[in-house]
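Biologist: I'd like to go through the labels on this one with you. Can we take them one by one, each against its cut-off?

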Amino acid sequence: MKDVIIIGNGPAGLSAALYTCRAGLSTTIIGLDNGALEKAERIENYFGLTNPVSGHDLVATGIEQAKRLGAELINDEVLDISWMDSFTITTKNTVLQAESVIITTGASRKKLKIKGIENYEGKGVSYCAVCDGFFYRQKHIAVIGSGEYALHEVNELLPIASSVTLLTNGAELNADFPSVVKIIITPISELYGGNMVEGIEFVDNSRISVSGIFIAIGTAAAADLARKLGVETNGSSIAVDEKMSTNIPGLFAAGDCIGGVMQISVAVGEGAKASLSAIEFIRNKRKDVG
Ligand SMILES: Cc1cc2nc3c(=O)[nH]c(=O)nc-3n(C[C@H](O)[C@H](O)[C@H](O)COP(=O)(O)OP(=O)(O)OC[C@H]3O[C@@H](n4cnc5c(N)ncnc54)[C@H](O)[C@@H]3O)c2cc1C
């Protein structure tokens, strides 16, 4: 059991780790890549920089700093979080447990532009297999996606639904899907139905009928992870109070994933606040037990 798991190794997550490590808490950071900063060629509006630096170099320095203070960094993709007294984090390669979790997965930049999708959200279109799968018992359903996150959602749904079809919407397959899953790679043109979604039409005018469609494109974004825990969201952002606490005890969020001003300085400050709240949470929990 880790004291704190931080999901994301961008400015918010790395800043949070500095405080949890220095407070003597065992800290694991799980990150998939360098996040938004990988695309930033030149940073010059962050404190302490004599000369501009690339986003890549800034993250690399932050990673070295966190490691020097004792943080463990795991390069992996988080697929699922569940909570019962403590948190269980399922990644592509392992399952870890922690007393407290800080989500710093950055802004969700993936958008699925398919005609009709917004009309059917909550009416057959879902973003969380573990939350909504139960409503599709013995029904034909589809999952849109092509990678490890889609595979995770497919595996949640297979025992419940009567069939699961994977729609890659033109993308290449990036995971090994079970052979019982029918795979369609043809791009989707639109969703159709009445009050509830009834099916999917493809660009070649073929159609399949389904009762439910689960969206699992790319990696699990903050709101996807939050929904699995019943965390309140504001659209694609996680809702937090001024101490970066979510509505789940021990779960905090910071940086671009909570919305607001998306800048390094803000993410770093929010990461610090979230970590101070996590430290307080763990110390109080131990006081109660002791
Ligand atoms: C092109 C560009 C230029 C920018 N220029 C500037 C600038 O000049 N100045 C400035 O202040 N800000 C700039 N920004 C904004 C800045 O990059 C962000 O505000 C900042 O990086 C947010 O930090 P964060 O830690 O919240 O998220 P991010 O830096 O996006 O980090 C998110 C982390 O979460 C990880 N992650 C996400 N999902 C998962 C998952 N399922 N499993 C495991 N890990 C996951 C990612 O791998 C990454 O490590 C720029 C952004 C862009 C895109």
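Biologist: What makes Arg286 count as partly exposed?

Modeller: Arg286 has 40% relative accessibility, so it counts as partly exposed. Buried means under 20% relative accessible area, exposed over 50%, and partly exposed is in between, with a 1.4 Å probe and protein chains only. One caveat: this is a predicted model, where local features need pLDDT of at least 70 and side-chain atom pairs count only at pLDDT 80 or more, while totals for chains, interfaces and linings use all residues. Residues are numbered from 1 along each chain as its sequence is written, and side-chain values use heavy atoms, leaving out hydrogens and water.

Biologist: Why is Asp3 and Arg286 called a salt bridge?

Modeller: The term asks for a side-chain nitrogen of Lys or Arg within 4 Å of a carboxyl oxygen of Asp or Glu. For Asp3 and Arg286, N to O is 2.5 Å, hence the name. Asp3 sits in strand β1 (residues 2-7) and Arg286 in helix α6 (residues 264-289), so the pair ties together parts 283 residues apart in sequence. Strands and helices here are DSSP runs, numbered from the N terminus: E of at least two residues for strands, H or I of at least four for helices. Asp3 itself counts as buried, at 11% relative accessibility.

Biologist: Which residues are linked with Asp3 and Arg286 in a network of salt bridges?

Modeller: Glu99 and Lys285 join them in that network. The structure holds ten salt bridges.

Biologist: How do you know that Lys115 forms a salt bridge with Glu190?

Modeller: Their closest N and O atoms are 4.0 Å apart. Lys115 is exposed, because its relative accessibility is 58%, while Glu190 at 24% is partly exposed.

Biologist: And Lys228 with Glu153: buried or exposed?

Modeller: Both are buried: Lys228 has 11% relative accessibility, and Glu153 has a relative accessible area of 1%. Their closest N and O atoms are 2.9 Å apart, in a salt bridge.

Biologist: Now the helices. Why are α1 and α2 called roughly parallel?

Modeller: Helix α1 (residues 11-22) and helix α2 (residues 55-68) pack at about 15°, with axes 9 Å apart. Axes are lines fitted to C-alpha atoms, for helices over the stretch in contact, and angles run from 0 to 180 degrees between N-to-C directions. Under 35 degrees counts as roughly parallel, over 145 as roughly antiparallel, 65 to 115 as roughly perpendicular and the rest as oblique. α1 and α2 are therefore roughly parallel.

Biologist: What makes α1 and α6 oblique, then?

Modeller: Their axes cross at roughly 40° and come within 7 Å, and α1 and α6 are therefore oblique to each other. In α1, Pro11, Ala12, Ser15, Ala16, Tyr19 and Thr20 meet Ile264, Ala267, Val268, Gly271, Ala272, Ser275, Leu276 and Ile279 of α6, contact meaning heavy atoms within 4.5 Å. By class, that contact has ten nonpolar, four polar and no charged residues. Here Ala, Val, Leu, Ile, Met, Phe, Trp, Tyr, Cys and Pro count as nonpolar, Asp, Glu, Lys and Arg as charged, and the others, Gly among them, as polar.
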